[in-house]
Every structure is written in structure tokens, then in C-alpha cells.
Amino acid sequence: MSVLTRDEAQARAELLDVHRYTIELDLTGGDETFASRTLIRFAARAAGDTFVEVKPAELRSVTLDGQPLDPQALDGNRLPLKNLTPGEHELRVDARMRYSRTGEGMHRFTDPTDGETYVYTQLFLDDVQRVFAAFDQPDLKAVFDLSVTAPQGWTVLANGVTEHTDGVWRAAPTPLISTYLVAVAAGPWHSVRTEHRGLPFGLHCRRSLAPYLDADADELLDVTRACFDRYHEKFDEPYPFDSYDQAFVPEFNAGAMENPGLVTFRDEFVYRSAVTDTERQTRAMVIAHEMAHMWFGDLVTLKWWDDIWLNESFAEYMGYQTLTEATRFTDTWTDFAVTRKSWGYDADQRPSTHPVAPDAVDDTASALLNFDGISYAKGASALRQLVAWLGEKDFLAGINAHFARHRFANATLADFIDNLAGATDRDVHGWADAWLRTTGVDTLTPRVVPGEQGLCALATDRAGSRPHRIAVGLYDRDLGDDGGQLVLRERLHLDLPQTGDHPIGKRPALLLLNDGDLTYAKVRFDPESFDTVRKDLSGLPQPLTRAVVWNALRDAVRDGELAPAAYLETARAHLPLETDLAVVQGVLAFATTYLTDRYLTPEERPAALATLSELCRDLIRRTEDGDHPGLRLIAVRHRIDVAAHPDTIAAWLADGTVPGGPELDPELRWRVLARLAVLGATDEAAIDAELERDPSATGQEGAALCRAALPDPDAKERAWQAMFGSDDLSNYLFTATARGFWQPEQAGLVGSYVPRFYADAVALADRRGPAMAEAAGRWAFPAHAVDPDNLRLGEQCLAEAAPTPALHRKLTDQLDDLRRALRVRDAYRD
């Protein structure tokens with residue numbers, strides 16, 4: 001299949017003006033394919049040649065202005081349209097299209113719980129061609145008029161309000177939108193419907209999830225209404241579509257997709273098992289994020305994919321900020337600091353880094369690689385820094401000017417910056433050059449300059465080139481009865497680079513740069529402050545402040561400046577006293593994913609697991625009063641994950657509960673069984689019995705993970721063949737199998753698969769496309785094998801095997817993480 005280049009898109013946009021698509025889909029033709037008939041009305045501004053994209057199972061017929069074209073002319077995904085004359089044209093394309101099992105195009109899923117089937121579209125970037133013929137680029141917006149023939153008993157959802165007669169569902173024509181934003185979701189949905197401000201609102205999920213959606217419907221709708229109202233306070237432009245449906249769909253590759261009027265979410269957000277309040281906050285943030293896209297992305301759309309940050313960074317920033325302002329989730333920036341910024345920091349220090357706003361993205365394959373921690377977390381951090389610098393009033397004035405000038409059209413970075421610059425006297429263009437056109441993470445290091453009479457001043461060293469507006473927290477020890485507490489003396493506000501030293505009075509116990517986390521930079525400590533952190537971190541009064549400190553410690557470990565054991569000691573001392581769920585989860589996730597499994601040697605790993613197990617036991621004891629169920633749930637989950645011996649967790653599974661609670665719901669039962677599988681303390685029969693108890697889609701994934709985790713040569717070979725020897729696994733079952741396969745405890749058993757991975761992953765990516773390439777590179781990579789041989793094999797694969805762009809990017813990132821792990825081990829080798 002040919003990817004679309006930027007030059008080709010520009011040439012086609014200069015030639016064509018696309019008016020309207022009339023699309024007829026028929027979903028009644030079996031399990032493998034569906035019928036797709038498309039009429040495209042467009043105009044050519046001059047005489048010339050172009051092409052339309054389509055990826056059919058069978059191209060039945062094509063006519064241009066009533067004259068037949070040869071279907072055999074289809075070259076990959078391109079059908080040539082030659083000798084166009086200036087003026088109006090009609091193109092008709094009749095095709096059969098394949099359903100997908102990889103979450104791309106029209107994905108088809110049959111629920112193992114009740115046998116019901118659901119289909120939905122994910123057309124992002126260039127997958128619309130899997131569903132209907134299109135001039136597939138974001139700046140050729142058009143009206144879409146859609147009808148769908150569906151099986152009896154199904155409901156069809158689309159971008160606009162739908163009506164049906166005799167099995168045919170017709171959606172209201174859309175305003176002008178881009179091809180990638182067209183959406184359909186069809187099946188026997190369970191729906192919760194209401195109205196808000198005169199617009200129909202709906203929540204939809206599989207029937208088997210109905211009780212769980214109903215239990216959370218009030219919360220979901222409350223968040224939706226609150227964000228909707230807050231955006232109308234911020235934005236002059238009203239919500240631009242005729243309805244707002246949110247569909248929770250199975251086996252979804254992303255968190256959600258901002259289709260106008262029909263946002264699709266991964267249906268793990270319909271919680272079957274107990275979750276923490278931070279997880280509910282994350283779900284609410286995704287709702288807020290996708291709603292922000294209705295304006296930034298859907299109403300005003302990027303012209304080409306080099307400006308993807310205009311969509312994602314804006315929605316990311318606005319989602320967190322609006323949730324904080326409009327809902328009960330008032331500490332969202334703490335979660336952002338812990339879970340999202342680390343994603344951005346990590347991505348920005350790899351060889352694959354790129355500017356938030358790259359100068360040029362040559363084609364769609366390259367564009368797909370930029371949906372990463374830079375376009376989301378770093379870009380959102382940059383916008384948060386911009387708001388701190390401009391002030392929110394001027395920022396929103398610029399945004400509203402942008403909406404007014406480009407509504408239902410396309411815009412570029414230059415347009416966005418010009419609109420912001422028009423609302424302020426500040427040099428926004430200079431800011432954009434420094435923040436959006438550069439790569440890497442600045443590092444800020446404080447120096448305390450002693451002065452006379454015991455007074456001090458602050459100097460800040462900056463490794464990097466960006467300007468920063470930051471807060472600096474000066475903390476003193478509380479000498480009262482409580483001891484171990486740190487009290488904020490003052491929070492300074494500085495612009496970096498700094499002109500001269502800043503007086504700070506008496507030397508504080510802790511001097512914290514970027515207190516409040518308003519900028520995007522790694523921070524370091526002066527020696528005395530670092531000593532205070534080690535002793536009194538849990539005594540800091542604000543969770544966001546503690547998050548900044550924990551991030552600084554995390555970065556120091558990754559940079560080889562702090563021993564992994566020292567991080568674990570700090571966690572052992574202070575995490576049992578932590579109250580913020582996001583901080584606890586973030587620290588434990590880093591400790592278990594990176595420290596124990598990568599940065600520490602196999603010989604050091606048992607002691608680290610024991611430390612984490614003791615830490616989790618302390619948290620479990622602390623929460624016995626039942627007042628902190630979220631904290632207890634996190635502790636129980638991680639206690640399971642780090643269990644070195646099966647007895648305790650096996651007893652929990654047998655009893656169906658943790659002593660003192662919680663009872664083991666499906667998520668915890670599968671989690672325990674997975675760890676028992678790793679430890680060789682369960683078998684296929686027990687996995688089959690658990691699957692009979694929970695035959696849901698989630699249960700199928702749990703069983704696949706557990707079977708792949710068994711320390712048995714035959715089980716490993718079966719899992720490998722399922723992943724790479726056939727193409728039967730869906731995207732979710734592939735991921736579950738891959739997550740179970742590699743286990744640090746089983747390094748000797750799976751050692752022979754490390755070299756097999758590279759050749760097999762390259763072949764899989766060639767066969768199954770970008771989504772599966774990403775899954776293979778992320779989940780099936782042997783990350784536990786922190787050794788030079790694995791690194792050599794990976795580098796050889798990149799140099800010689802020509803992996804697809806999606807796999808190449810994932811392997812590049814994984815190998816860089818592997819090099820970092822080797823450096824950390826070398827730095828603290830005895």
C-alpha cells in the first residue's frame with residue numbers, strides 16, 4: 001500500500017474541492033466482508049490527474065461522471081483518476097471491504113459472554129480507505145451523508161443523529177469534516193440516553209457490560225455535562241455538532257477517538273472490577289480530552305499531520321485543566337505529573353525524539369509515529385507553560401480568535417501562533433521557536449550562594465536553551481511536636497535564564513525548583529536539599545510537590561545519578577505514609593517495571609522484590625480500617641505482582657478475598673492467577689476453570705496471558721506460535737499473550753526466543769500492519785533481557801531487516817531503553 005506524501009496531498013488540495021460523500025454500507029453480508037458504495041461529488045479547479053484511495057477485498061465497479069473505469073487499474077490503495085476537466089465531477093465506487101481484527105478500519109468483535117456481534121470504525125489517519133473510497137487527507141473536508149443497512153436488532157450510531165426504517169439507518173449529514181473523523185458503531189448496544197442544553201447525549205456499550213455502565217452512568221454524564229458547560233464558558237464558539245454520543249467499544253487500540261458527535265472509548269473504561277478514584281479521574285480526563293477535540297481538531301483541523309500537536313497537546317492540556325475547574329477531580333495535575341510527564345520525558349530523550357511541532361512530516365507513515373509522549377504530554381506541558389507566561393485571559397482570547405477564523409476549515413501552526421500573538425504583547429513567535437521547534441529536556445540545577453550574616457541567594461544552572469517561568473519552593477523543617485514535616489516558607493516565581501542571583505534569606509532545608517510543576521524540565525537538588533528529600537519527603541504538604549520530587553528521583557535513577565537501591569530505600573521509607581493515589585501508583589509502577597525488572601541485576605532482584613513486598617504489606621496494614629479503599633487496592637495489586645512465593649496469594653485466591661478485604665473480583669483473580677502461573681504454582685486446568693467462571697472478553701485475555709506465562713516449554717511454544725505463527729489473534733489477545741510470555745523469572749526458559757523475536761516481529765509487521773507492529777514492538781519485545789547480545793540483535797535487525805516504520809520506531813525506543821538499563825547497571829556494578 002502506498003502512503004500519502006505531504007507533496008502529493010498539497011498537489012491534490014490545489015486541484016480538488018471536495019463537496020460531499022454519500023456512503024452506503026451494508027453490514028448484513030457475513031462475518032468477513034461488508035458492502036461499501038460511495039458517491040463523491042467534487043470539483044477540479046484545473047485539468048489534471050489525481051487518485052482516490054480505497055483498500056477493498058473486491059473492487060466491483062467504478063464510474064466517473066457516468067463512464068466506467070477499469071477496477072484493475074487499482075494500484076495498491078490508489079485508483080487513478082486521469083484527464084479530469086475543470087468543473088464538477090461525480091465518482092461512484094462499489095466495493096466489498098474486509099472487517100478488521102486489529103482495531104483498524106471496520107473492527108468486528110463477537111462477545112464471548114453472549115455471542116453478540118459489534119462493529120465500529122477507527123478511521124484515523126489513513127484507515128478510512130478500509131471502509132469507503134475517499135480523497136483521504138485532512139484538508140479536503142466535506143459533508144458526509146451516511147446510511148447503513150444493519151442486522152435486525154442492531155442500533156447504528158454515527159456522527160449525526162440517526163433514524164431507521166426497515167433495517168436501514170440514516171445519519172444526519174455532517175458539517176464539513178475531515179475523512180478520518182467519520183464514525184460508525186453498530187450492534188445490539190445497551191444505551192443510556194438523556195438531553196443537555198437541547199442536545200441528545202448518549203452512552204453506549206455492549207449488552208454484557210450493561211450493569212456496569214448503568215452503575216456509573218450518573219458519574220459519566222455528570223462529568224460530560226460539567227465539561228460541556230465549562231467549555232462553553234471558555235469558548236465563544238458553541239458546540240458545533242448535533243448530538244454527543246460516547247460509545248465504549250471492544251478491542252480499541254487507543255484510549256479514545258474524537259469522532260465528532262460519536263466519541264469512541266476503549267470499553268475497559270466500563271469498569272467490571274474495583275478501581276481507584278485516580279482511575280475514575282483518568283476516565284473523566286479522557287472524556288474531557290475528547291470533548292476538547294470537538295473544537296480543536298474537529299471544528300478546526302490541522303492542514304497536514306506535522307501539526308498533530310495542535311490536536312493532541314491542546315486536548316491534553318484542556319482536558320486536565322477543565323477537569324480541575326469543573327468537576328470533583330481537583331488534583332488532576334498531580335496525576336499528569338506522575339503518569340503523563342514521565343511519558344514525555346522518556347520519549348524526548350530517545351533517538352526517535354522530534355520537536356512538538358516538526359518542520360516537516362513527509363508522509364502518513366511518518367505521521368503515525370508522532371502520536372507519542374511528545375505530541376501529548378510534552379506539548380501539553382508546553383501549553384501549560386505558555387498559559388503561565390501569557391496568562392489565561394490572553395491565551396483564551398487567542399484560542400477564540402483561532403476558532404472564529406478557521407471554523408469548519410483547516411489551520412497550521414503559523415495560524416495558531418499568529419492568533420495567539422494578536423492577543424498579547426509578548427513574543428509568542430519567539431516562544432514557539434524555543435519550545436515547539438526544539439527537542440530534548442532541559443535540566444535545571446540550583447546552587448545556593450552563601451552571603452553575609454547567614455543569608456543566601458539562589459542561582460539556577462540550566463542545561464538547555466528554553467526560557468522557563470517556574471515557581472521555587474523554600475521549605476523549612478517544622479520543629480514542633482510532629483517532627484519530620486516540611487513547611488513552605490515562600491514560593492518564589494522566577495524567569496529563566498536568571499539575571500543575577502535571587503536572595504532567599506536563611507538557607508532552607510529544601511529548595512525545590514519547578515514547585516507546582518508549571519514547566520517541562522528535569523530538576524536536580526543541591527546536596528542539602530537532597531539530604532532533606534531522603535529524610536523527609538513524605539513531610540511535604542502538597543501531593544503535586546511530592547510528585548515533582550519523585551519525578552526528580554526517577555530521572556536521577558534513569559540518568560545514572562542515583563542508585564536504584566537508593567530509590568527503593570526512599571520508597572520504603574516514605575511511600576507507606578503517602579496519601580495521594582497517583583503518587584503511590586506511579587512510584588510502585590516505576591519500581592516494579594523498571595527497577596526490579598531492568599535496572600537491577602538478576603542477583604539483586606529478589607531483595608528488591610522483598611522490599612516492595614514489605615512496602616505493600618505496610619500499606620495493606622495501614623488501610624485495615626477501610627477508610628482508604630483505593631490505597632489498599634493499589635497495595636494489594638502490587639503485592640500480588642511482586643510475590644516471590646505463591647503461598648499467600650494462592651490462599652487469597654482459594655478464599656476469594658484478601659483478609660480484611662477486598663474480595664477478589666475478576667481483575668484481581670486473573671492477576672493472582674497470572675502471578676501463580678509465573679511462579680509455576682498453577683496449571684492449564686486451573687486456568688480453564690477460571691475461564692469457565694469468567695468467560696468474558698476480559699477473561700479470554702486473562703487466560704491467554706496466564707497460559708503464556710506458564711514455565712513450561714510446550715506452553716511457551718504454543719504461545720509463540722499463536723502470536724507469530726498465525727494471524728488468528730485479535731489485537732487484544734495478541735497483547736495479552738505477549739504480556740504473559742516474557743518473565744524475568746523465566747529468562748533461562750525463554751532465552752532461545754530472544755533471537756527469534758526480531759525476524760518474527762518483522763514478518764508479522766509486514767503482514768498485519770501498523771497496529772500489530774506497534775503491539776509486537778511494545779509488548780512482545782524481550783525487555784527483560786538486559787544484555788549486550790539482545791542489544792546487538794536489535795541493532796542488527798534495524799540495520800539489515802528493514803522493519804516497517806511502526807516497528808522500526810518501537811524497536812528504536814526499546815533498544816534505547818535497553819542501553820539505558822545497561823548504563824544504569826554498569827554505573828552501580830560492584
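Helix 18 and helix 20 are roughly parallel to each other (an angle under 35 degrees). Welcome to this predicted model, where local features need pLDDT of at least 70 and side-chain atom pairs count only at pLDDT 80 or more, while totals for chains, interfaces and linings use all residues. Residues are numbered from 1 along each chain as its sequence is written, and side-chain values use heavy atoms, leaving out hydrogens and water.

Let us stay with that pair. Helix 18 covers residues 666-678 and helix 20 covers residues 697-709; they pack at an angle of about 15 degrees, with axes 8 Å apart. (Ala, Val, Leu, Ile, Met, Phe, Trp, Tyr, Cys and Pro count as nonpolar, Asp, Glu, Lys and Arg as charged, the others as polar, Gly among them.)

A second pair runs another way. Helix 24 (residues 753-768) and helix 25 (residues 770-779) cross at roughly 160 degrees, and their axes come within 7 Å. These two helices are therefore roughly antiparallel (over 145 degrees). Phe757, Leu764, Ala765 and Arg768 of helix 24 meet Pro770, Met772, Ala773 and Ala776 of helix 25. Here the contact of helix 24 with helix 25 divides into 7 nonpolar residues, no polar and 1 charged.

The largest nonpolar core has 281 residues, and Phe395, Leu436 and Phe734 touch the most other members. (Such a core joins buried Ala, Val, Leu, Ile, Met, Phe, Trp, Tyr and Cys through side-chain atoms within 4.5 Å; buried means under 20% relative accessible area, exposed over 50%, partly exposed in between, with a 1.4 Å probe and protein chains only.) Helix 14 (residues 581-599) contributes the most to this core, giving 10 residues. Take Phe395 as an example: leaving aside neighbours within four places in sequence, Phe395 contacts Phe314, Tyr317, Met318, Leu383, Leu386, Val387, Leu390 and Leu420.

Helix 13 (residues 564-574) has buried residues too: Pro564, Ala566, Tyr567, Leu568, Thr570, Ala571 and His574. Among the elements covering them are helix 11 (527-536), helix 12 (543-558), helix 14, helix 15 (605-622) and helix 27 (805-827).

| Cis peptide bond | Omega | Loop holding the proline |
|---|---|---|
| Leu496 to Pro497 | near 5 degrees | between strand 25 (486-496) and strand 26 (502-506) |
| Gly661 to Pro662 | about 5 degrees | between helix 17 (647-655) and helix 18 |

Arg197 has a positive phi of about 55 degrees although it is not a glycine. This arginine, Arg197, sits in the loop between strand 15 (190-196) and strand 16 (199-205). Asn514, also a residue other than glycine, has a positive phi near 65 degrees, and its place is in the loop between strand 27 (510-513) and strand 28 (522-523).

Note on methods: Axes are lines fitted to C-alpha atoms, for helices over the stretch in contact, and angles run from 0 to 180 degrees between N-to-C directions. Helices (H or I, at least four residues) and strands (E, at least two) are DSSP runs, numbered from the N terminus. Angles under 35 degrees count as roughly parallel, over 145 as roughly antiparallel, 65 to 115 as roughly perpendicular and the rest as oblique. Contact means heavy atoms within 4.5 Å.
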